[in-house]
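This report describes a protein model in plain terms. Please look through the structure shown here before reading on.

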Amino acid sequence: MPTAVSPPDKQKVPDLSAQLPKLVPRRRPKASQEPPLNPPPPTPALVAAPSEEELREWRFLKPTRRILSPKDHELFLKSSTNDLVTAFVFTLSDSIQDTTISQVKQRPQDAIIDTLLHMLDEAEQIVAECPPEDTGSRFGNPAFRSFLDKTETKLPEWHSAHLHLPSEPCMQEVQTYLQHSFGNWTRIDYGSGHELNFMLWLLCLNRLHLLPSTTFPHLALIVFPRYVALMRKIQTTYYLEPAGSHGVWGLDDYQFLPFLFGSSQLLHHPHIRPMSIHTQMILEECGKDYLYLDQVSFVNSVKNVDGLRWHSPMLDDISSAKNWEKVDAGMRRMFVAEVLGKLPVMQHFWFGSLVPAVEGMSSEHGDEAGAVHSHVHADGSTHIVGAGGEERKTWDDCCGIKVPSAVGAMGELKRSGQDMGLRRLPFD
């Protein structure tokens, strides 16, 4: 019978437990109590709209351009109107913090939201009724003017029959902003100033008590994306030229507010980071719910080189931000400095009674009122193009060579049958 083996002497086995490092769960660093180095601009209080009694006696005005010089612009920047516009846009953005489009679609929707969507649907139908001319050019297609002319004839019906505005002067004031939100008839271009006019149109309806604050999430995530989709259709159909070289900031040739509203949506997202815009799967899966991602996808789709680094370096730089709070703060600073704060953009701002001008501003009259184009250059000088005969000039006569749109370049490549499945980098 074999002899049982005794267990080893426990005293001879060294105890190493005391030498092992103590495992401590990783903790997130506490948020710094110090204020950020570049805080977002404050959101002014959105002042109450005129009362129903005040509106019954209101003197409506057909909007005109009043920022015709640097002095006019300085007066605007210090005005309550500047605060009103900033407050409205920022309050819309605040209303959709950490909110997806799908979540807003599930909420009860006011009837006026359906009305606004129906109006934009009718505008898109007009695009189908005004097909582009076969010019073979990457620049603005003249059929765009037919679209604008036909849209203008529909404005009174939209604002009387659909929105039930109370009077002809009221209609004349409010519809001016929607009319100028689709682009410029003379230059066949579109930019951040036209996008801002769409916001001013919504602001006017808010002042008339048609769009209370309860509708703000739907305005930002249902109505505004429908407007952006319409403008994409118009841009790709008529090859609208950017109103400025590569947009005002280089984020996008045309739009800015999808980035402002979109960064608010993503403010505290648990896993989507600013760097995620480089991941195609995230853009495809999440773009339907987040404006920022959807706009990046569209920018990628219309460029004829591959990679944000090459065609949109500013978007690429922003993607390196640590969090969406920094992106959101930067977009708000950009709106204040590069939209409201830029004279070439604000020279096309329209003032009426609901969005009033400031005492001391210039007025369009005489030759200026009849001008086809009045443009304030970066140095503050004003160039006015007359409306009659040989005096009529085009935008490029005033401001240099024309800037073809990326959608125009891409569209002509597709029309010519060139395969865009594999896009080359600039240095290939």
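## Overall make-up

Helices are DSSP runs of H or I that are at least four residues long, and they are numbered from the N terminus. The model described here is predicted. The protein has 19 helices and six strands. It contains 428 residues, and 46% of them count as buried.

Contacts can also be sorted by how far apart the partners are in sequence. Among contacts between residues at least 6 apart in sequence, 78% join residues at least 24 apart.

A pair of aromatic rings is described by the distance of the centres and the angle of the planes. For Phe144 and Phe147 the ring centres are 6.1 Å apart and the planes are at 25°. Planes under 30 degrees apart count as stacked, so the pair Phe144 and Phe147 is stacked. In total, the structure holds 16 aromatic pairs.

Phe198 and Trp201 are three residues apart in α8, about one turn of the helix. Phe198 is buried, and Trp201 is buried too.

## How α8 packs against α9

Helix α8 covers residues 192-207 and helix α9 covers residues 216-238. The two pack at an angle of about 140°, and their axes are 12 Å apart. That angle makes α8 oblique to α9. The crossing of α8 past α9 is right-handed.

On the α8 side, the contact involves His194, Glu195, Phe198, Met199, Leu202 and Asn206. On the α9 side, the residues are Phe216, Leu219, Val223, Phe224 and Tyr227. By class, the residues of this contact are eight nonpolar, two polar and one charged.

## How α7 packs against α8

Helix α7 (residues 168-179) also packs with α8: their axes come within 7 Å and cross at roughly 155°. Angles over 145 degrees count as roughly antiparallel, and α7 and α8 are therefore roughly antiparallel to each other. Their crossing is left-handed.

Val174, Tyr177 and Leu178 of α7 meet Asn197, Phe198, Leu200, Trp201, Cys204 and Leu205 of α8. The contact of α7 with α8 has eight nonpolar residues, one polar residue and no charged residues.

## Two loop residues

Thr99 sits in the loop between α3 (80-94) and α4 (101-105). Is Thr99 buried or exposed? Its relative accessible area is 7%, and Thr99 is therefore buried. Beyond its neighbours within four places in sequence, Thr99 is in contact with Val104, Arg107, Leu221 and Gln265.

Gln109 is in the loop between α4 and α5 (111-129). Its relative accessibility is 32%, so Gln109 counts as partly exposed. If residues up to four places away in sequence are not counted, Gln109 touches Asp114, Leu117, His218 and Ile222. Gln109 and Thr215 are 106 residues apart along the chain, and their C-alpha atoms are separated by 7.8 Å.

Key
Residues are numbered from 1 along each chain as its sequence is written. This is a predicted model: local features need pLDDT of at least 70, side-chain atom pairs count only at pLDDT 80 or more; totals for chains, interfaces and linings use all residues. Side-chain values use heavy atoms; hydrogens and water are left out. Axes are lines fitted to C-alpha atoms, for helices over the stretch in contact, and angles run from 0 to 180 degrees between N-to-C directions. Angles under 35 degrees count as roughly parallel, over 145 as roughly antiparallel, 65 to 115 as roughly perpendicular and the rest as oblique. A crossing is left-handed if the near helix is turned anticlockwise from the far one by less than a right angle, and right-handed if clockwise. Contact means heavy atoms within 4.5 Å. Ala, Val, Leu, Ile, Met, Phe, Trp, Tyr, Cys and Pro count as nonpolar, Asp, Glu, Lys and Arg as charged, and the others, Gly among them, as polar. Rings of Phe, Tyr and Trp (its six-membered ring) pair if their centres lie within 6.5 Å; planes under 30 degrees apart count as stacked, over 60 as edge-to-face and the rest as tilted. Buried means under 20% relative accessible area, exposed over 50%, partly exposed in between (1.4 Å probe, protein chains only).
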